[in-house]
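Hi,

Here is the structure I promised to pass on. Have a look at it first, and then read my notes below.

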Amino acid sequence: MPSFSARGSPHKQQQYQRRRQEIRQQRKSLPIASVEKRLVDEARKNDTLIIVGETGSGKTTQLPQFLYDGGFCQDGKVIGITQPRRVAAQTVAKRVAEECNDQLGRKVGYSIRFDDSTSNATRIKYMTDGLLLREALLDPLLSKYSVIVVDEAHERTVHTDVLLGLLKKVQHSRANASKNGKTLPDVLGHSQNLTQKSCQGSRCAPLKLIIMSASLDAKCFSDYFGGAKAVHVQGRQYPVDILYTYQPEPDYLDATLVTIFQIHLEEGPGDILAFLTGQEEIESLERLIYERARLLPPESSKIWVTPIYSSLPSEQQMNAFKSAPAGTRKVVLATNIAETSVTITGIKYVIDPGMVKARAYNPVTGMESLIIIPVSKAQALQRSGRAGREGPGKCFRLFQESEFDKLVDSTVPEIKRCNLSNVVLQLKALGIDDIIDPVGHQMARLPLDPMYSKALIVSSELKCLEEMLIVVSMLSVESIFFSPREKLEEARAARKGFESSEGDHITLVNVYRAAAECLEKSKNANAKEKTMEKALNRWCRENFINHRSLKHAFDVHSQIQGHVQQMGLNLSSCGDDMVLFRRCLTAAFFLNAAMRQPDGSYRALATGQSVQTHPSSVLFRTKPDCVIFNELVRTTQNYIKNLTRIDPLWLAELAPQYYATED
DNA sequence: GAGCACTGC
């Protein structure tokens, strides 16, 4: 039954009716509304269907409702819709619940890490693609789903790509099951107890798979699924004028600056969105804009610059969504966060220098780095589209038209350019390609980098799981320490209070425990949750700790703690015996050991690479003879980060299979 | 004495 009943005052009733009417009209006006019947028919006829829907077609909110009304949730089955991003799963689910006139978490819900709003009644479930992959570990046939809709498939995230491969396999298994009239456990020879329990006696219907993509190139998806049918749905987008430069621009930052003022002085009203590659560029361009704006004649309108990038505190991010006061033009300086993750309204002009910062991974050296490269055609298209959301717009590409033709069609899928150890482990646990031992299965259950999962198992044997759990939680999140340029000395002094001369791992444990103590104190004072939150926030400010990262670490900690307890690992602590803990770190991370060289540099033992300790490490000055490290990054030099001092003899003792004794 | 595109479990 609808939970938003029309009871209450006549005024409220009126308001409610108006809102329902508004929603009905909005839904009816979406381009996808006119093809509802056709889409449902195609979904009935085809096991795999590809829907190419342009921006603004309404496919993400409407298609699951069409399928629900078309009877795809009979027998209590669920329609699952995957999204690459958490915030999309949340906001779309909220919207669709409202359209269904129901409370979120009943018929319509979402499920993302640390936040699950679904219930037994949920039939339309929005989730992140990574979360569905996790679900497949527990139920390899995804037996509770009648349909899986993979949205935004064109983005080709690792999770989406792996999911598509997996879903193809699930479709086969389920098709065979129903064909032979067998129950599921018969088909899945390798299935585990959990699977058998969830599918016992049921005959699974075939799994319907719908792939939704915004790019016009549906062929690769179609080919992969044996020539699956593709349906095109029109979008709703205003025309965007694309302008190119006549000459190549050697300095795109300067060209952006010039273009901003050209628009400001010569074009009509409307906000500007400029795409830059990172924080540093954004900060320096902001300064340059204000410097030059001072030279404008007093009668010309003002400029308001709002930066937005992911590590910017959220209160400051919100500025980019506010509208500028009358007589002022807003200039948003953004990274590619504004390409897909967030939509800023009021943008009429887009400036695209055509560059992007991307992660590069060298599998031979295991080294990751960030490089600035040209965007792809699809990316440039996505950027220009940001100017036509509310009316006709203009996009200024700061390169020549002939250069556009030379761009690659689409960005190289992530799966081809990152460290795959995590993915490979999960695939193996899912029974794809090869078997792994029971330890591997345990490791795959943990939502962590495999090396960290291994560390937890090792530390449970060495009786210091409590400390290791804290370390992997802290290492799994963005930087814990926060040091603004203007308060560098204060930040350094604050960190001194947590520092351990043994290294960064124990320093992180100290921070975590101090924060937990702060929370415990306010809990003992019977503070409400909000007050506790405030106390922790203040503590973080005083100690120059990144509050967002710390909270994330707490979330990870409690999730992993639940997992390791389920696995039956013993949550013991080594107390004050930090030698034991360092030995444990050595046993876990022996592959990442480095020896000091006479010149003060280090040699990574596994690869022989020459590396330097990173200045952020507490051991930066000490330079012990031998360390283990967690991260190897290449910037101006090869740096190792997150270090702990160890005794080199421990290596041969704790990892004899790897470090044959030299003497 | 450095430097952090964007996601996700």
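A quick definition to start: helices (H or I, at least four residues) and strands (E, at least two) are DSSP runs, numbered from the N terminus. Keep in mind that this is a predicted model, where local features need pLDDT of at least 70 and side-chain atom pairs count only at pLDDT 80 or more, while totals for chains, interfaces and linings use all residues. Residues are numbered from 1 along each chain as its sequence is written, chains are lettered from A and ligands numbered from 1 in the order in which they are written, and side-chain values use heavy atoms, with hydrogens and water left out.

**Around the DNA**

Of the atoms of DNA strand B that come within 4 Å of the protein, 70% belong to sugar and phosphate.

- Thr128 has a polar side-chain atom 2.8 Å from a phosphate oxygen of DNA strand B.
- Pro447 places a polar backbone atom 3.4 Å from a base nitrogen of DNA strand B.

Two elements give two or more residues to this surface, helix H5 (129-138) and strand S14 (355-362). H5 has the largest share, with three residues. By class, the surface has 11 nonpolar, 12 polar and eight charged residues; here Ala, Val, Leu, Ile, Met, Phe, Trp, Tyr, Cys and Pro count as nonpolar, Asp, Glu, Lys and Arg as charged, and the others, Gly among them, as polar.

S14 and strand S15 (residues 367-374) pair in the antiparallel sense over eight bridges (strands pair if DSSP finds at least two bridges between them). Ala360 has Ser369 in S15 as its bridge partner. Four residues lie between the two strands, and Gly366 takes a positive phi near 70° in this hairpin.

**The parallel sheet**

There is also an open sheet of six strands, paired in parallel, in the order S9-S16-S13-S10-S12-S11. Strand S9 (240-243) and strand S11 (302-308) each have a single partner strand, so one side of each is left without a neighbour in the sheet. S9 is joined to strand S16 (residues 393-397) by four bridges, and Ile242 has Cys395 in S16 as its bridge partner.

**Pocket and cavity**

On a 1 Å grid over the protein atoms alone, a cavity is a set of points where a 1.4 Å probe fits but cannot get out, and a pocket is an open set with protein on both sides within 12 Å along at least five of seven lines; lining residues have an atom within 4 Å of a point. Grid points are joined across faces, edges and corners, and a volume is the space filled by probe spheres set on the points.

The second largest pocket has a volume of about 1200 Å³. Its lining has 34 residues, of which Gly56, Thr60, Val92, Thr343 and Arg389 are the closest to its centre. Helix H4 (86-99) gives the most to this lining, with six residues.

Two cavities of 30 Å³ or more are present. The second largest cavity holds about 30 Å³, and the residues lining it include Leu273, Ala338, Thr343 and Arg389.

Cheers

Key: Near = heavy atom within 4 Å. Polar contact = N/O pair within 3.5 Å; in protein donor to acceptor, adjacent residues only side chain to side chain.
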